[in-house]
Amino acid sequence: MELDLARWQFAVTTVYHFLFVPVTIGLSAFVAGFHTAYLKNRNPQHLRMAKFLGKLFTINFALGLVTGIVQEFQFGMNWSDYSRFVGDIFGAPLAIEALLAFFLESTFLGLWIFGWGRIPEKLHVACIWIVHIGTLMSAYFILAANSFMQHPVGYRINPTTGRAELTDFVAVLTNKVQMVTFPHTAFAAYLTGAAVVLGASMWQLHRRKVEDDMPMYRTAARVGAIALIIAGAGVAISGDQQGKVMTEVQPMKMAAAEALYETQDSAPFSIVTISSLDGKQEKVAITVPKLLSFLGTGDFDGTIHGINDLERQYEAKYNADPLTRAATYTPTLPLTYWSFRLMIGLGMASVGVGLLSLWILRGGRTHARARWWPLLSVAVALGPVLGNAFGWIFTETGRQPWLIFGVFTTKSGVSPGVSAGEVLTSLIVFTTLYAVLAVIEIGLTIRYARAGAEPIKEQAATSEDDAPLQFAY
């Protein structure tokens, strides 16, 4: 019971926190881009968009910060045995993330928010770019820690203490899983940011609150749509590389993603499969011949190992050690199968909306009167956010039953001194807190998205005598 509740708490806190991460990374790039464009061409519309998107970015940054702190708490409370076992390795990238990346993000975001008219313009623009670099660095170090869990490298098990110890930090930072996961995650974040820019601009084009602002929102919508399509291509290419590495180091995760029970050459990719309730007998399937083999191995005739063969291999290899023994080495198939497809499907649908938007807004058109336009603008903004969440669910559940693949099972990492009642209590508290935060997030986002870009206020001319004091004694 304690293990199940701890896993639910991890799922709730992690998935909720990760809703804000790609938005924060992606939007910070667009805020920096529009602010830089204003510095170059002095077009006030670019400045207005930078400030407009900056408000949406700040809301998500604040919510991401709060939910990240809660996530750290549940780690310490529910997974103490895991922390003791791997803390020397896991703690290093997370400490750098907190000391370096988060310091850059929070410090320079503060300078950007309060620096308007107070610091030199070029330095002011540099602040928001540093914030964006900080978000990428934060993602890199956190993904390095997670990649170690997917494919452990650069460590040894101390036979005296029974703990994992770091032997090569560079190997951890350049883990082959990390080298494909980080670009995939970064492109997915840019896709998310572009979708938010597109969705917010599409909504304003439909409302037509201020007619003179329509060219500004049309430009922003086209920028968002083009960036969305480019980022979508990056997601697809990096995802293909990630699939090949996953097939190499975590073949069970790939088999679970496809619900592939038997080892096959020239394996087909399942677009949709309906099977028996136990998932072992196929009823209806729509497949693309040989595509899974190509995605997994780079060869249309390549071999993809099935669940049954891998289960037998893992039982023979891991059942003798209490730290690696598990009742089954197969993840929950419906969860991995559908989260994998929802991740891909929502990303592809978003790219499709980007192409549709470019076609509708072609040739200077700003008309968006169709009834379905507001619904589409909300859907395109939320689609990549949910796609990222399903990608994270697939990444974590597809690794089960492992906390660290091949080294440490999930049940071995749960805290022995925390009762089910205590975990349940904290789970209820966190879930309630997150529900309140969700109401705040949605309310603030709708409020500022509906308000749109504020007009630039003219600075009143003041004499030197009227200027505020900079220093007095």
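Predicted model: local features only at pLDDT ≥ 70, side-chain atom pairs only at ≥ 80, totals over all residues.

Visitor: Which residues of helix 14 are buried?
Guide: Ala420, Val423, Ser426, Leu427, Phe430, Tyr434, Leu437, Glu441 and Ala449 are buried there. An α-helix has 3.6 residues a turn, so residues three or four places apart point the same way.

Visitor: What span does helix 14 reach from its first C-alpha to its last?
Guide: Helix 14 covers residues 420–451, 32 residues in total, and reaches 46 Å, close to the 46 Å expected at 1.5 Å a residue.

Visitor: And what comes just after helix 14?
Guide: Glycine 452, with a positive phi of about 75 degrees.

Visitor: Which residue has a positive phi although it is not a glycine?
Guide: Serine 266 does, at about 50 degrees. Serine 266 lies in the loop between strand 3 (264–265) and strand 4 (269–275). Lysine 290 is another such case, with a phi of about 65 degrees. Its loop runs between strand 5 (282–288) and helix 9 (291–297).

Visitor: Why does serine 266 count as partly exposed?
Guide: Because its relative accessibility is 24%. Lysine 290 also counts as partly exposed, at 36%.

Visitor: Switching to peptide bonds: where is a cis one?
Guide: Between glutamine 400 and proline 401, with omega about 15 degrees.

Definitions and conventions:
Residues numbered from 1 in each chain as written. Heavy atoms only, no water. Helix = DSSP H or I, 4+ residues; strand = E, 2+ residues; numbered from the N terminus. Buried < 20%, exposed > 50% of the residue type's maximum accessible area, 1.4 Å probe, protein only. Expected span 1.5 Å × (residues − 1).
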